[in-house]
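Morning, everyone. Please look at the screen while I talk.

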Amino acid sequence: MSVNGFFAFLSSFVQGYGFFLFCRLLSGFGIGGAIPTVFSYFAEVLAREKRGEHLSWLCMFWMIGGIYASAMAWAIIPHYGWSFSMGSAYQFHSWRVFVIVCALPCVSSVVALTFMPESPRFLLEVGKHDEAWMILKLIHDTNMRARGQPEKVFTVNKIKTPKQIDELIEIESDTGTWYQRCFVRVRTELYGIWLTFKRCFNYPVRENTIKLTIVWFTLSFGYYGLSVWFPDVIKHLQSDEYALLTRNVQKDKYANFSINFTMENQIHTGMEYDNGRFLGVKFKSVTFKDSVFKSCTFEDVTSVNTYFKNCTFIDTIFDNTDFEPYKFINSEFQNCSFSHNKTGCQITFDDDYSAYWIYFVNFLGTLAVLPGNIVSALLMDRIGRLTMLGGSMVLSGISCFFLWFGTSESMMIGMLCLYNGLTISAWNSLDVVTVELYPTDRRATGFGFLNALCKAAAVLGNLIFGSLVSITKAIPILLASTVLVCGGLVGLRLPDTRTQVLM
């Protein structure tokens, strides 16, 4: 969590794109290490009869974090005016504020963790019996006070044999140089990690690991694939509707004119502009093709989705505009000047309609999982993990077929909310089952491996589904439905862990 928080904050201030990606990579590294640990830690201090319910409540905070991030993106990023600059070298725009705000909960968690006790199961594994006993006594006394029985005494009947310390490390610590000791310790730790990972594929958990691998992969592939597909399809529908309203202007001439209003959703082809002034104009989705601008002035201009293709500019002045080089495609300039160029994004929330939908749809999709979270938490210990896992995945797969009827924005948003609400129960039960199927000495390792596989499946799903947005509906729908139903059927073959004591 410290690694995540530090590099998340740092990424908000860096200016280079490569360094920004590097910081986000290391921030994600911290997140990947925290998720398996938090589920393992929490499960190891829960009573068996309430373990499924409370782990489901823990899963709900993933949703709360998603709502928080979506709401902050919706509230902060589109307000492009929340920015400042220090010369031309340093720019701080609204999205950077959003990155900082998203890192604040992480910092709060790091502070809170300093007040949390270590897992007594872990302490017993490493032979620290006295510390484990004190924490177990604290848990016992707290529970007894809550039950109105503070006089009840905590007793220990048996204790686990401590693990043997690696003798090679002890020898090197006494006789080797500092770099030899460091090398041996790193090598030993890596070897121990590899052995722990291999034990996830040994008896008696090998078969469970294979089944969990299939379920994690199929659920992640279908869920994240459709999650990126939904907003893109909605945006594609909006683009089709927007294109029908496009105004086309062709082969006309304008001379000695002045424009100071907004130009939106227009295509100008083969135009000639002579001695014209564009003052304070906002260009929104405007394309100029094969046009000539002679003795024109662009001053205090902002633009979004605006391009000049195969255009010629003669004796033209650009003053205080946001026209970056990529907006001029195969264009020529003769005796033109650029001054006080604006850097970064200058459009406002109202200028970019797509920004509203991106964040609003994301917010609704995240909020839609709230009912599913509540239902799964209340029923997890009653109907069982496997019933909820298999049933949720099969129902999610079936719900994909309703996408055939999604012909408008509102219908697609409604189906997105339905799909997310059905799928969240599968995620919650899968987290619970995964934690309960592994013993203490490999619980976090097994969960971490499956979570990493989940992210790989998410990347694959994003690539495949994203490439099919403008091509066909059939393949994404059938693919998502098939993998979810198959994964749900495999999930039903997992052992029932509802009454199982943690190993």
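First, the ground rules. This is a predicted model, where local features need pLDDT of at least 70 and side-chain atom pairs count only at pLDDT 80 or more, while totals for chains, interfaces and linings use all residues. Residues are numbered from 1 along each chain as its sequence is written, and side-chain values use heavy atoms, with hydrogens and water left out.

A word on labels. Helices are DSSP runs of H or I with at least four residues, strands are runs of E with at least two, and both are numbered from the N terminus.

Start with helix α3, residues 51-76, and helix α4, residues 94-113. Their axes come within 9 Å and cross at roughly 155 degrees. An axis here is a line fitted to C-alpha atoms, for helices over the stretch in contact, and angles run from 0 to 180 degrees between N-to-C directions. So α3 and α4 are roughly antiparallel. The cut-offs: under 35 degrees is roughly parallel, over 145 roughly antiparallel, 65 to 115 roughly perpendicular, and the rest oblique. The crossing of α3 with α4 is right-handed. That term applies if the near helix is turned clockwise from the far one by less than a right angle; anticlockwise is left-handed.

Which residues of α3 meet α4? They are Y68, A69, M72, A73 and I76. On the α4 side we find S94, V97, F98, V101, C102 and P105. By class, this contact has ten nonpolar residues, one polar and no charged. Contact means heavy atoms within 4.5 Å. Ala, Val, Leu, Ile, Met, Phe, Trp, Tyr, Cys and Pro count as nonpolar; Asp, Glu, Lys and Arg as charged; the others, Gly among them, as polar.

Now the second partner. Helix α11 covers residues 369-383. The axes of α3 and α11 come within 7 Å and cross at roughly 165 degrees. That makes this pair roughly antiparallel too. The crossing is right-handed. From α3, the contact includes R51, W57 and M63. From α11, it includes V369, N373 and D381. The α3 contact with α11 divides into ten nonpolar, four polar and three charged residues.

On to the strands. Two strands pair if DSSP finds at least two bridges between them. Strand β5, residues 262-269, pairs with strand β7, residues 282-289, in the parallel sense over seven bridges. T262 stands opposite K282 in β7. β7 also pairs in the parallel sense with strand β9, residues 297-304, over three bridges. There, K284 stands opposite V304. Three bridges join β7 to strand β10, residues 307-309, and these run parallel. K289 has K309 in β10 as its bridge partner.

S331 sits in the loop between β13 and β14. Is S331 buried or exposed? It is buried, at 18% relative accessible area. Buried means under 20%, exposed over 50%, partly exposed in between, using a 1.4 Å probe and protein chains only. Beyond its neighbours within four places in sequence, S331 contacts F308, K309, N310, C311 and F313.

N305 lies in the loop between β9 and β10. Its phi is positive, about 55 degrees, although N305 is not a glycine. N305 is partly exposed, at 43%. N320, in strand β12, residues 317-321, has a positive phi of about 60 degrees and is not a glycine either. N320 counts as partly exposed, at 25% relative accessibility.
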